[in-house]
Amino acid sequence: MVGGTRGVGLCVAELLAAQGADVVVNGRDPDAVAEAAERISGVGFVGSPADPEVADALVGRCIDEFGRIDSLINCAGTAEPTGSSILTVTSAQFRDLLDAHLLTTFETCRAAAPHMVRQRSGAIVNTSSFAFLGDYGGTGYPAGKGGVNSLTLAIAAELAEHGVRANVVCPGARTRLSTGSDYEQHIVELNRRGLLDDVSMQGALDAGPPEYVAPTYAYLAGDLARHITGQIFIAAGGFVGRFDRQQPAFVAYRDHHDAPPWTVEEIAAAVN
């Protein structure tokens with residue numbers, strides 16, 4: 001359980017433990033890890049799995065403790081710096097955001113996948129965000145979450161023949177990342193700029209508690225979802241949904257064997 005010491009991750013860890021699962025809970029704060037592990041009667045592991053050695057050791061700890069790894073759940077994340085945009089973000093901040101979201105997800109999946117393949121079973125549940133659509137501003141956060149989506153779909157396709165599943169949850173919940181005056185001002189400003197409609201703004205400002213999100217993770221991690229893979233789900237308050245897989249929409253066509261390339265003006269006419 002990567003990022004399992006606070007917010008959504010902690011609620012997921014608690015629900016899984018209540019259902020009888022043996023849980024290894026991971027975070028970077030030793031005190032928070034110890035507290036979370038005690039709350040769920042689980043195993044704690046401190047470190048950032050964006051480091052490949054830490055990711056390998058985390059998965060190894062699970063194997064050593066329980067003999068196998070049935071589910072990998074990634075809930076780690078960090079907020080975009082206040083007011084961040086392509087006009088202000090630094091290269092270091094952007095890399096840190098990619099590390100926290102995309103690199104952590106990649107390294108833990110890389111470490112866990114071979115064990116799951118040998119078992120011929122396993123479930124990977126990664127965390128993305130509505131922010132991958134670009135509606136919430138920022139740069140590294142939406143880029144990292146968009147990368148998580150694509151990575152997970154690729155993993156699902158690659159590992160399906162081995163009996164290993166991979167899915168995504170985009171949670172909407174009131175956590176430390178979605179509270180406080182800075183967050184509220186950011187959401188209101190996005191609405192003022194026309195990036196968020198009124199309904200989305202109110203949903204962001206009045207998100208449900210993470211307990212409403214956790215069951216979707218538990219479902220995808222368990223046997224009830226044994227035929228579900230390569231999908232992106234939404235869990236926010238009382239709402240559960242899923243994104244349709246993106247498909248190209250027809251704009252125009254000509255046979256390249258019998259016709260010249262499109263002119264710029266023809267492309268403009270077709271698009272407009």
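The model is predicted; local features need pLDDT of at least 70, side-chain atom pairs count only at pLDDT 80 or more, and totals for chains, interfaces and linings use all residues. Residues are numbered from 1 along each chain as its sequence is written, and side-chain values use heavy atoms, with hydrogens and water left out.

**Second largest pocket**
- The second largest pocket holds about 720 Å³ of space. A pocket is an open set of points on a 1 Å grid over the protein atoms alone, with protein on both sides within 12 Å along at least five of seven lines. The volume is the space filled by probe spheres set on the points, which are joined across faces, edges and corners.
- Its lining has 29 residues; Ala21, Asp22, Asp70, Ser71 and Ala221 are the closest to the centre. Lining residues have an atom within 4 Å of a point.
- Helix H3 (52-66), strand S3 (71-73), strand S4 (122-127) and helix H8 (214-221) each supply at least two lining residues. H3 gives the largest share, four residues. Helices (H or I, at least four residues) and strands (E, at least two) are DSSP runs, numbered from the N terminus.
- The lining divides into 16 nonpolar, seven polar and six charged residues. Ala, Val, Leu, Ile, Met, Phe, Trp, Tyr, Cys and Pro count as nonpolar, Asp, Glu, Lys and Arg as charged, and the others, Gly among them, as polar.

**Largest cavity**
- The count comes to one cavity of 30 Å³ or more. A cavity is a set of grid points where a 1.4 Å probe fits but cannot get out.
- The largest cavity holds about 40 Å³ of space.
- Asn74, Cys75, Ala76, Ala100, His101, Thr104, Thr105, Thr127 and Lys145 line the largest cavity. Helix H4 (residues 91-119) supplies the largest share, four residues.
- This lining divides into three nonpolar, five polar and one charged.

**Exposed Val271**
- Val271 is found in helix H9 (residues 264-271).
- Val271 is exposed, at 58% relative accessible area. Exposed means over 50%, buried under 20% and partly exposed in between (1.4 Å probe, protein chains only).

**Positive phi angles**
- Ser41 is not a glycine, yet has a positive phi of about 55 degrees. Ser41 lies in the loop between helix H2 (30-40) and strand S2 (43-46), and counts as exposed at 70% relative accessibility.
- Arg120, also a residue other than glycine, has a positive phi near 65 degrees. Arg120 sits in the loop between H4 and S4.
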